[in-house]
Amino acid sequence: MKKNYKVAILVEHDLANSIFDIRDLDFLASFAEFNPVSELPAAITPEFMTDMLVGAQACISCWRTPKFSDEIIENAAELKLIAHAAGAVKNLVTPNFWKSGCRITSNAKIIAEDVAQTTLALILTSLKQLWRFNLLTASGNWGGGEMSQFTTKRLDDLNVGIVGASNVGKEVINILKPFKCNINIYDPYLSSIEAEILGVTLMNLDGLIQTSDVLSLHAPANEDCRHILNAKNIPMIKDGALLVNTARGMLIDENALVKELKTGRFTACLDVTDPEPPAIDHPFRSMENVVLTPHIAGGCTMNGRHMLGRNSIKEIYNYLIKGLIDYEVREEMLEHMA
């Protein structure tokens, strides 16, 4: 195939090595010229972006790629597509971008699969209390069922509450269905027909919190959702319940959560906090009923990273060769996205 296209790779060197497989770069080279991954800088600057975008019809961005300023877009006269190898694009472009005629894609749906698997892992491991059994066994104890006093649970027939029918929320719903649990959801923008198609029961937020054995947060990071769990409704969480947050820390009023967790009534798995990281002396770091992980739910698996690079290249190929885009982000979608 004649190389009629130029693609600018705007990803810092180490990150590029983690998301691009040599086979996928070979495929990119079959239809486009691009700047070599081996020559990418340790950090991407606006000046580098401007230089690389000269004559480019498409580009690949990722985490830590600087914002596409109005000036950068204006100087990139031939740019038709930004294929963002990460998820959120809100802070990647300016409001004027949407008038430029350039289009943008996101890998949010692919990262959502990763986050959903992490969410499931946290749920199953916590319901089975494997965290506690690991500590007990490592300290010299043994006893199997006697040690658990039959306090562990399986998912069958439990009420699982999903907050937010986002990409991740929908992936979590799909991944939970084989476990025969009752899946309920709160999302003010989800219609009854959409809930029926998803196979879930639509509820109000208070009702969802009060009835959930497992409560999993997947709402977007916007001001409408800030402290969606707060001092008023966190006390409604059931005794013995499990709270999982693999979305954003801003969804929870952490002072109210700490206060309620100190009662020992329920367990929380938190992959995100507000701010990040939490202070060294933050209670989350020492509470026995808190599992704290460092924002690794999505985009941090070795093979998952390669999927991000591969999909970005696929999006560029399909758009430049066929005029098709699978994962486009449009301006009107931003309000409901992370």
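This talk covers the sheet, the nonpolar cores and the cysteines of one model.

The model is predicted, so local features need pLDDT of at least 70 and side-chain atom pairs count only at pLDDT 80 or more, while totals for chains, interfaces and linings use all residues. Residues are numbered from 1 along each chain as its sequence is written, and side-chain values use heavy atoms, with hydrogens and water left out.

I start with the sheet. An open sheet of five strands runs in the order 2-1-3-4-5, with parallel pairing. Strands here are DSSP runs of E, at least two residues, and helices are runs of H or I, at least four, numbered from the N terminus. Two strands pair if DSSP finds at least two bridges between them. At the edges are strand 2 (32–34) and strand 5 (103–106), each of which pairs on one side only. From one strand to the next, the twist averages 20°. Strand 3 and strand 4 run parallel and are joined by four bridges. Ser61 has His84, in strand 4, as its bridge partner. Helix 2 packs on the sheet and touches strand 1 and strand 2; contact means heavy atoms within 4.5 Å. The direction of helix 2 makes about 120° with that of strand 2, where axes are lines fitted to C-alpha atoms, for helices over the stretch in contact, and angles run from 0 to 180 degrees between N-to-C directions.

Next, the cores. A nonpolar core is a set of buried Ala, Val, Leu, Ile, Met, Phe, Trp, Tyr and Cys residues joined through side-chain atoms within 4.5 Å. Buried means under 20% relative accessible area, exposed over 50%, and partly exposed in between, with a 1.4 Å probe and protein chains only. The largest core has 49 residues, and Phe20, Leu53, Ile60, Phe68, Ile82 and Ile316 touch the most other members. Elements that each supply at least two residues include strand 1 (5–9), helix 2 (22–29), strand 3 (58–61) and helix 12 (302–322). Helix 12 gives the largest share, five residues. Leaving aside residues up to four places away in sequence, Ile316 touches Val7, Phe31, Ala58, Cys59, Ile60, Leu81 and Ala83. Apart from this core lies another, of 32 residues, including Ala112, Leu127, Leu176 and Leu242.
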